[in-house]
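Colleague: Can you walk me through this one? I would like to start with how charged side chains pair up.

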Amino acid sequence: DELGLTQNTIVVFTSDNGASHLKQEVDYDFFESVGNLRGLKGSLYEGGVRVPLLVKWPGKVKAGQVVEAMTGFEDWMVTLHELIEAQTPLAETNDGQSLSSLLRGFITKERDFLYREFSGYGGQQAVWMGKWKGVRTQIHGKTKNRKPLRMELYDLSIDESEEEDLAPKNPEIVLQIKKIMDREHQASHEFPLAVID
């Protein structure tokens, strides 16, 4: 305001993960930091990754609107380039989708899926696909007598707490999600998922 930049500045407030699991840093029980969601930082369950996203841009983004949309940080590179009318990164090097129409209040096509993997905390993969979410945890582990990787499946439209695993009842959805995980995973020396690499 003091510099007269308010009307020409977009402010984006968000976080890279859910509440810390370290009790000495935050009393997540007392503050109910993740509400009814499952998991904390380091987890690919909703409590570990679902975070607030607030955007303020006077005259461009309508104040007070609430949007229920699945987005990821990769979307912001494309979005900010588009908003400032800069050349958007090539699709081959960036799989983000622009949120600019969504921010301006227009209905946009829902993304096909969102993929995440995390080599920490036992190794994890997750795919969000429409109302469905598939999760694999404990990818690392002892190879001797190792059980096959198991997929959990949740319908987030009715179970955002991820309490009822629907994988046994929906093998075709599990297979679709597994194909996405297989296709999107890229082996990494820095962040290995050795069992699937």
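Modeller: A salt bridge here is a side-chain nitrogen of Lys or Arg within 4 Å of a carboxyl oxygen of Asp or Glu. Keep in mind that this is a predicted model.

Colleague: How many salt bridges does that rule give?

Modeller: The count is 14 salt bridges.

Colleague: Let's take arginine 150. Which residue does arginine 150 form a salt bridge with?

Modeller: Its partner is aspartate 165, and the closest N and O atoms are 2.5 Å apart. Arginine 150 lies in the loop between S5 and S6, while aspartate 165 lies in the loop between S6 and H4, so this pair ties together parts that are 15 residues apart in sequence.

Colleague: And what about lysine 133, which residue pairs with that?

Modeller: Lysine 133 forms a salt bridge with glutamate 162, with 2.8 Å between the closest N and O atoms. The lysine is in strand S5 and the glutamate is in the loop between S6 and helix H4 (171-184), so parts that are 29 residues apart in sequence are tied together.

Colleague: Are lysine 133 and glutamate 162 buried or exposed?

Modeller: Both lysine 133 and glutamate 162 are buried. They also belong to a network of salt bridges that links Glu46, Arg50, Lys133, Glu160 and Glu162.

Colleague: What about lysine 109 and aspartate 112, how far apart are the closest N and O atoms there?

Modeller: In that salt bridge they are 2.9 Å apart. Lysine 109 is exposed, with a relative accessible area of 64%. Aspartate 112 is exposed too, at 52%, and the cut-off for exposed is over 50%.

Colleague: New topic, the sheet. In what order do the strands come?

Modeller: The order is S3-S4-S5-S6, four strands in an open sheet with antiparallel pairing. Strand S3 (114-118) and strand S6 (152-155) are at the edges with a single partner strand each, so one side of each has no neighbour in the sheet. On average, neighbouring strands are turned by 15° against each other, direction ignored.

Colleague: How many bridges pair S4 with S5?

Modeller: Five bridges, in the antiparallel sense, between S4 (residues 124-129) and S5 (residues 132-136). Within that pairing, alanine 126 stands opposite valine 135 in S5.

Colleague: Now the rings. How many aromatic pairs does a search of the whole structure find?

Modeller: One aromatic pair. The rings belong to phenylalanine 118 and tyrosine 121, with centres 5.6 Å apart and planes at 40°.

Colleague: Why is that pair called tilted?

Modeller: Planes under 30 degrees apart count as stacked and those over 60 as edge-to-face, with the rest tilted, so the 40° between these planes makes the pair tilted. Phenylalanine 118 is partly exposed at 32% relative accessible area, and tyrosine 121 is partly exposed at 49%.

Colleague: What sits over the ring of tyrosine 45?

Modeller: The charged end of arginine 38 does, 3.8 Å from the ring centre.

Colleague: Last one, helix H2. Which residues of H2 are buried?

Modeller: Glu74, Asp75, Trp76, Val78, Thr79 and Leu83. Their cover includes strand S1 (11-13), S2, helix H3 (100-103) and S3. After H2 comes glutamate 85, which has a positive phi, near 60°.

Colleague: And where is alanine 69 found?

Modeller: Alanine 69 is in the loop between strand S2 (54-56) and helix H2 (74-83). It is partly exposed, with a relative accessible area of 41%. Alanine 69 and threonine 108 are 39 residues apart in sequence, with their C-alpha atoms 9.5 Å apart in space.

Conventions: Residues are numbered from 1 along each chain as its sequence is written. This is a predicted model: local features need pLDDT of at least 70, side-chain atom pairs count only at pLDDT 80 or more; totals for chains, interfaces and linings use all residues. Side-chain values use heavy atoms; hydrogens and water are left out. Two strands pair if DSSP finds at least two bridges between them. Helices (H or I, at least four residues) and strands (E, at least two) are DSSP runs, numbered from the N terminus. Axes are lines fitted to C-alpha atoms, for helices over the stretch in contact, and angles run from 0 to 180 degrees between N-to-C directions. Buried means under 20% relative accessible area, exposed over 50%, partly exposed in between (1.4 Å probe, protein chains only). Rings of Phe, Tyr and Trp (its six-membered ring) pair if their centres lie within 6.5 Å; planes under 30 degrees apart count as stacked, over 60 as edge-to-face and the rest as tilted. A charge sits over a ring if NZ of Lys or CZ of Arg is within 6 Å of the ring centre and within 35 degrees of the ring normal. Contact means heavy atoms within 4.5 Å.
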